[in-house]
Amino acid sequence: MAGHEIRRARPDDYDDLIAVVDNWWGRTVVQNLPRMFLDHFHRTSLVAADEDGISGFLVGFGSPSQPRTAYIHFVAVRPDARKAGLGRTLYDRFFEIARADGRAQVHAITSPANFTSIDFHRSLGFTVVGPVADYNGPGRALITFARAI
């Protein structure tokens with residue numbers, strides 16, 4: 001993607017990502033991105049940067065229980081870098097990593113209220129299911145996404 005360098009994440013990226021994520025999302029979401037994700041899944045996660053610093057990131061991994069499945073846990077794009085294809089590029093790069101790792105499908109989830117995420121995943125060819133009642137425990141419905149790669 002023009003103007004954005006995309007590279008594999010490193011464990012030491014965590015502090016920089018967590019410093020911006022609440023601002024980028026417009027609400028508190030740091031609890032959804034514990035340090036262990038970059039400690040253990042940096043090889044399959046991505047960080048994008050431009051002349052203004054970090055412009056986006058994707059935290060994803062191959063499922064240890066489902067060898068043909070990869071999972072995208074968290075994605076964020078800096079507000080001024082949105083609508084230029086960076087999110088799509090991060091997903092495409094993750095798909096490449098997942099395929100090279102022998103994965104055939106990618107899964108993700110979001111809140112039923114996150115219409116932007118639902119529309120974005122639909123535009124990338126994900127199957128959208130839900131809300132799935134009690135997905136994350138009683139009263140915690142979520143939308144699920146799945147896509148063959």
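R78 is buried, with a relative accessible area of 11%. In this predicted model, the side chain of R78 meets that of D50 in a salt bridge, at 2.7 Å from N to O. R78 sits in the loop between β4 and α3, while D50 belongs to strand β2, so the bridge ties together parts that are 28 residues apart in sequence. D50 is buried as well, at 15% relative accessible area. Buried here means under 20%, so R78 at 11% and D50 at 15% both fall within that class.

**Salt bridges**

The count of salt bridges comes to eight.

| Pair | Closest N and O atoms | Relative accessible area |
|---|---|---|
| R43 and D101 | 3.6 Å | R43 48%, D101 33% |
| R10 and D13 | 3.7 Å | R10 39%, D13 2% |

R43 and D101 form a salt bridge with their closest N and O atoms 3.6 Å apart. This pair links distant parts of the chain: R43 is in the loop between α2 (36–41) and β2 (46–50), and D101 is in the loop between α3 and β5, 58 residues apart. R43 is partly exposed, at 48%, and D101 is partly exposed too, at 33%.

**The largest pocket**

The largest pocket holds about 1,200 Å³ of space. It is lined by 36 residues, of which W25, V75, T110, N114 and S117 are the closest to its centre. At least two lining residues come from each of α1 (14–25), β4 (69–77), α3 (86–100), β5 (105–110) and α4 (115–123). Strand β4 gives the most, with seven residues. By class, the lining has 18 nonpolar, twelve polar and six charged residues.

**The second largest pocket**

About 170 Å³ of space lies in the second largest pocket. Its lining consists of F61, S63, S65, Q66, T69, Y71, H107, A108, I109, Y135, T144 and F145. Two or more of these residues come from each of β4, β5 and β7 (142–148), and β5 gives the most, with three. The lining divides into six nonpolar and six polar residues, with no charged ones.

Strands β4 and β5 therefore each supply at least two residues to the lining of the largest pocket and two or more to that of the second largest pocket, where strands are DSSP runs of at least two residues.

**The cavity**

Across the whole structure, a search finds one cavity of 30 Å³ or more. The volume of this largest cavity is about 30 Å³. T44, F61, G62, A70, F94, I97, A98, D101 and R103 line the cavity. The elements giving two or more residues to this lining are β3 (53–62) and α3, and α3 gives the most, with three. Five of the lining residues are nonpolar, two are polar and two are charged.

D101 lines the cavity and is the salt-bridge partner of R43. F61 lines the cavity and is also among the residues that line the second largest pocket.

Conventions. Residues are numbered from 1 along each chain as its sequence is written. This is a predicted model: local features need pLDDT of at least 70, side-chain atom pairs count only at pLDDT 80 or more; totals for chains, interfaces and linings use all residues. Side-chain values use heavy atoms; hydrogens and water are left out. On a 1 Å grid over the protein atoms alone, a cavity is a set of points where a 1.4 Å probe fits but cannot get out, and a pocket is an open set with protein on both sides within 12 Å along at least five of seven lines; lining residues have an atom within 4 Å of a point. Grid points are joined across faces, edges and corners, and a volume is the space filled by probe spheres set on the points. Helices (H or I, at least four residues) and strands (E, at least two) are DSSP runs, numbered from the N terminus. Ala, Val, Leu, Ile, Met, Phe, Trp, Tyr, Cys and Pro count as nonpolar, Asp, Glu, Lys and Arg as charged, and the others, Gly among them, as polar. A salt bridge is a side-chain nitrogen of Lys or Arg within 4 Å of a carboxyl oxygen of Asp or Glu. Buried means under 20% relative accessible area, exposed over 50%, partly exposed in between (1.4 Å probe, protein chains only).
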